[in-house]
Amino acid sequence: MKELTLEEVKIYVLEHFCEYLPECYQKSTLRVESVVKNNQRLTGISLAGVKISPTIYLENIYEEYLEHKSSLCQILRKKANLFYERMKNGEEIMTLLKKVKTMSKEEIGKHLFLALVQTKNNHALLEHRIHRKFLDLSVLCNYEFTVGKELLSIGLSKMLLDQIQLSEEEAFNLAYKNSCARGILRQDATFYSLVKLEMRLNPELEMPDVHLAYSLDGEYGANIMLNKQFLKMASDRFGGDYYVIPASIYELILISGKIDRSEEERTALNKMIGEANKVAKMEKFILSDHAYFYNSKTHKLECVYEEE
């Protein structure tokens with residue numbers, strides 16, 4: 001069968017998507033909007049004439065069609081089921097928002113968590129959300145909750161903060177305690193197995209030390225790079241400087257020991273990160289396209305670029 005183009009997939013979805021929804025929505029009209037996400041312009045569709053409607057993106061459907069070679073019927077059936085579940089979740093979210101406005105600061109604080117994102121790929125998002133700068137990244141503050149078995153979050157805006165009578169300072173302080181107050185630093189067993197094998201083949205080879213680091217608080221383990229005390233503790237344990245590689249939004253890789261911070265070394269690290277990001281299946285899990293460097297003299301993180 002001939003592979004469909006993006007435009008052909010868009011036309012098919014717009015003509016048939018509602019047929020896969022429950023009967024009460026099959027005669028609905030779709031609302032089509034061009035939106036910017038991660039600095040990419042996407043075509044979003046939602047239901048017109050309803051109070052709460054999720055949005056799905058036609059480009060994502062096309063990517064799934066190309067990747068899995070599934071029929072559009074199978075994909076739309078799955079997307080429609082997810083769409084309807086999110087519609088029901090949306091009703092619960094509206095109920096929750098009304099409840100949040102009556103909650104105490106202490107109760108609200110239990111649900112606040114931080115999330116790191118790339119600044120350069122999220123300008124549109126940052127226009128509507130409270131955020132703090134952290135090097136070339138941005139720190140968001142989310143209200144997280146569960147609906148059924150699904151973890152959902154609402155990004156905090158200035159308008160929402162006014163409604164729940166919470167200041168930005170209070171929100172970020174509460175979220176910090178929930179997100180990165182405690183962390184884990186451990187050796188990467190997989191890497192050390194490879195090192196031992198390499199050392200047997202080449203006994204004179206000098207290899208760096210590699211550890212994994214992540215927060216024990218909240219969902220996003222890479223938040224631990226916001227904890228200055230943790231970063232200094234790692235430096236004290238390593239005995240000096242080290243590189244920080246954001247493996248994903250969930251964990252960091254710390255490289256210490258035999259490092260010289262040369263141009264060649266920086267280039268190799270950033271090239272490795274770039275190649276890893278290219279093969280990553282989920283772009284939303286990528287945190288950065290370059291490494292960071294912890295300077296044990298200044299006790300600060302620095303961006304690692306190939307030219308300084």
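Two strands are taken to pair if DSSP finds at least two bridges between them; strands (E, at least two residues) and helices (H or I, at least four) are DSSP runs numbered from the N terminus. The model is predicted, so that local features need pLDDT of at least 70 and side-chain atom pairs count only at pLDDT 80 or more, while totals for chains, interfaces and linings use all residues. Residues are numbered from 1 along each chain as its sequence is written, and side-chain values use heavy atoms, with hydrogens and water left out.

**View A. Strand 12 and its partners.** Strand 12 (residues 292-295) pairs in the antiparallel sense with strand 10 (residues 242-246) over 3 bridges. Tyr294 of strand 12 stands opposite Tyr242, and its bridge partner in strand 13 is Leu301. Strands 12 and 13 (residues 300-303) are antiparallel, with 4 bridges. In their hairpin, which has 4 residues between the strands, His299 takes a positive phi near 60 degrees.

**View C. Surroundings of Glu59.** Glu59 lies in helix 2 (residues 58-68). Glu59 counts as buried because its relative accessibility is 13%. Leaving aside residues up to four places away in sequence, Glu59 touches Leu6, Lys10, Arg41, Leu42 and Thr43 (heavy atoms within 4.5 Å).

Conventions
Buried means under 20% relative accessible area, exposed over 50%, partly exposed in between (1.4 Å probe, protein chains only).
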